[in-house]
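I opened this notebook to keep track of what I looked up. The entries follow in the order I made them.

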Amino acid sequence: MPDSAMWIDASHEAGPVLPVVPEDVHGTRRIVLFGPPGSGKTTAAGALGRRLGLPVLRLAPRPQDARVPCAGLLELALALQALPAARELTAALDDAAGRPNFPDDAGRALRLRRQTAALLRDAPPMTLVVDNAQWLDTASAAVLGWSLRLTPDLPVIAAERTWRPGGAGHWCGEDTCAVRIPPLTAPQVAALLSPYRLAPREVTRIHTRSGGNPALALALADASRLLPDREGGSESALPPTARRLVGEWLDEVPAQVQELLTFAALDDRPDLELLGRLAGPAVEAPLAQAEAAGLLDIGRVDGSVRFTASAIGTELAARLPGHARRLLHARLAEASHDSVRRDRHTVLASDAADPRSARHAARAAVRARQRGDHALAAELSLLAAQRTPHDDSDLLTERALTAVRDAAHYGDLPRGRAAARLVLGHDTTPAQRVDALVALIDASGQHLQSADELFADALHAAAGRSDLTAQILIRRSVWANVNEGDPHRACALAGRAAALAEAVGDTATTVMALTMQARLQRVLGHPDAETTLSRALSLPRAASIPVNGTPRHLAARHALFDDRPEEARTALLPLLVEAERTGDAEATVDILRGLAEAELRAGRCTRALDHAHRAQALTDATALSPAPACYTSALVEGAAGRTDLALVHARRGVDTARQEDNKIFLSRNLFALGGLLLATGRLKEALEALEEVRALEELQQVRDPSVLRWHPELAETLVALGHLDQAQSLLDDTRRTATDLGRDTVLPSLERAQALLDAARGDYGTAAQRLDDAADRLRHLPLERGRTLLALSHTERRGRRRASARTAAQSAADLFTAHQAHPWAETAAHTLSRLEATPTDNNAHPSLTSAEQRCAELAAAGASNRDIATTLTVSVKTVEATLTRVYRKLGLHSRFQLAHTVTPARE
């Protein structure tokens, strides 16, 4: 059965859900829309009814009506009471209601069927919508089903919670089309909740908790600002409206199914084997009921099961009193087939005041950490800390610090905060307090609230100690760079941290500070960047430094900036192993992102996609900011995957970075977005995005053009829009800076943009030579070489050297195809097909008039509408109208495409 597709009308304040019905539903007279409470069935049924173009008659039985025989028929008759047949049916129902054996009396049942069929035949043209059809009483359903067989042309839409056609089929008819209302996707939930202006992290959390159920998402959003942070990582209790919705959802299944679901709610990773051990051979039936009600997803490849909305599990767990919960955990411990999870249930089944449970949790956390299950390690280490007796202050502090670090590694901010409060609430040393606060800052990432206050608390806790102060200054440097967009101040803070740490012999902190300082010096174009990095690399390695904060990682990033992807890859692969071994989610994502970019630069697109997908999946599974992974996904998908997905990632990254005030990744995601828009011919949008990148980079005083290569993309956009002088100025300035800093690797892409500018000015020979030279310098970067050859093909075509144009296009197509750069391969193939299809001896387009041809040639040469009007001695409006006809005839949408289709005029 098909799923209906859904979209959000974001212009409406509440963001209603409207259906886009599958193609095979069109023309179908009988449709059943089904889905859980709050999924949007009523809205979908109303929208579909209006689409049919007929007046809608809506019946809406309530729960109490299900127990009243023929209540649905009475509602139908009263809705059409102006008709004689309706009055006749009402009288018959009144007469029958007081009789014995109603509604089982055969004679009266036949009379009701005849009268209902007559009413439906006599009714004016309409669409019958039965909302809440799960509450339509049995007698009415039987009579309607019989009557609808006699009125096959009457459109009927039923909306109910679960698809239960029964043995004889649905009462709507044998040919009923059942359409499941699917959950909203993450972008749709974001659009639905846009009026609430929530942080991206909170929107992601609501999407997970609601499972894409729109009513549940709105209920959670209404309460989101009032709910405190989750304590200890568990989901906060549901607000009353959400509890009511989830309760109605759970009421769709019997008590024994809810009992099985409760076991699933108490396990952190339930699977079919575990539930089978608990319920025995009969487990299939309750699981099927839960799946039919949309409560549980049981079709996963690895055998795991999960709630379609995590709020279901939250509600089931919240209903249990403490004693009952411990008993169920004890049963789960007996049934569990995983030793660490068995330990988890054993701990949760024991008395929280029993110190033995704290020791048990601590040992289990070590085992979870050793096998790489860092989410479970974060939960268990916090349980160990929370259950440690308060009079054993040293042990409690030790366990709480471990819990903070575990939470920081996995990006679990709520657990990190809970553990940090345990440390700060006791009489601890300055080093321990700073350790907790620094770990909390690291766990918070871009979600850090009240940053100034937290940094001030940390500096106060440092009590003037240089080594502790240096650790705090490093985090302050990161914050100044990322959120305040002030790399000069960030660089100064990192320098101070390095000096303080070096003075007291703290090697690990010195390495971290020097690495941060070198990172910022490179961005600022400081000549000492490599010297500072070399100092950091010369110091002994320290296991306490996050992998993505090591000088080895920065050296790999510099290799990427300098177009040495093989060197970067060689350096990053062992770092990935180390990051995954330590369970540092943020570091793992950073290394995966670097590997994706290195593989993409080297032309290994399949590997690049794999690394980007892994980075995105890990980001979405944790509390990490989506902005960095979205940037990499947009770059890689745009070059090697699907452009539409790349645009989704780029826009999500832009939106997230704006809300988090992350200026670095706002620039990067805008750069990715601008490049994608340029590649798809949406020049004005591309210009807007890339000009914002320029403004942000200038605001942040970023001088090195190798770090983020927006300059040639913006120049190419300016050329395509005819802003030639602006493009030349940008290229001159960037070339001068690159030469001063010794960034020769930037020059080939600048030469490509310069060649396009030369061609726009009619100097095709110079342009072609520049592109030939640039392509030769890019042999180690196949995708960049392919782009340059594609530009050469366009240039040769405009210069009427079609054989050379075909050769360059074929070389580009071969490169892109060999390296599986699918979007670029399609572009090259399209260019090649146009060259092969167009006559070589005539530039005229048969579908264009001579006036249109002349106007198109001038526009392709970069002339403005006013210049064209002056040349042709016509009005500007005439030029606009002529170009509109040209675009329509040639199937084009922009001057950028026109310049690649029509040979420009030479004058």
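Entry 1, two packed helices. I began with helix 41 and helix 42, which are oblique to each other. I noted that this is a predicted model. The angle behind that word is about 135°, and the axes lie 10 Å apart. An angle over 145 degrees would have counted as roughly antiparallel. I located helix 41 at residues 850–860 and helix 42 at residues 865–872. The crossing of helix 41 past helix 42 is right-handed.

Which residues of helix 41 and helix 42 meet? From helix 41 I listed Arg 854, Cys 855, Leu 858 and Ala 859. From helix 42 I listed Ile 868, Thr 871 and Leu 872.

I counted 44 helices and 9 strands. The protein has 907 residues, and 57% of them count as buried. Along the principal axes, the C-alpha atoms fill a box of roughly 100 × 90 × 45 Å. I then looked at contacts with a separation of 6 or more, and 67% of these are between residues 24 or more positions apart.

How many aromatic pairs does a search of the whole structure find? It finds 2. Tyr 631 and Phe 665 form an edge-to-face pair, because their planes stand at 65°, with the ring centres 6.3 Å apart. This pair links distant parts of the chain, since I found Tyr 631 in helix 30 (residues 626–640) and Phe 665 in helix 32 (residues 663–679), 34 residues apart. Tyr 631 and Phe 665 are both buried.

Phe 816 and Trp 824 also pair, and I recorded them as stacked, with 25° between the planes and 5.8 Å from centre to centre. Are Phe 816 and Trp 824 buried or exposed? Both are buried.

I went back to Phe 665 for one further item. The charged end of Arg 668 sits over the ring of Phe 665, at 5.8 Å from the ring centre.

What does Val 523 touch, leaving aside its neighbours within four places in sequence? I wrote down Val 702, Arg 703, Asp 704 and Val 707. Val 523 and Val 707 are 184 residues apart along the chain, yet their C-alpha atoms are separated by 6.8 Å.

Conventions: Residues numbered from 1 in each chain as written. Predicted model: local features only at pLDDT ≥ 70, side-chain atom pairs only at ≥ 80, totals over all residues. Heavy atoms only, no water. Phe/Tyr/Trp six-rings, centres within 6.5 Å; stacked < 30°, edge-to-face > 60°. Helix = DSSP H or I, 4+ residues; strand = E, 2+ residues; numbered from the N terminus. Buried < 20%, exposed > 50% of the residue type's maximum accessible area, 1.4 Å probe, protein only. Lys NZ or Arg CZ within 6 Å of the ring centre and 35° of its normal. Axes fitted to C-alpha atoms, helices over the stretch in contact; angles between N-to-C directions. Parallel < 35°, antiparallel > 145°, perpendicular 65-115°, else oblique. Left-handed = near helix turned anticlockwise from the far one by under 90°. Contact = heavy atoms within 4.5 Å.
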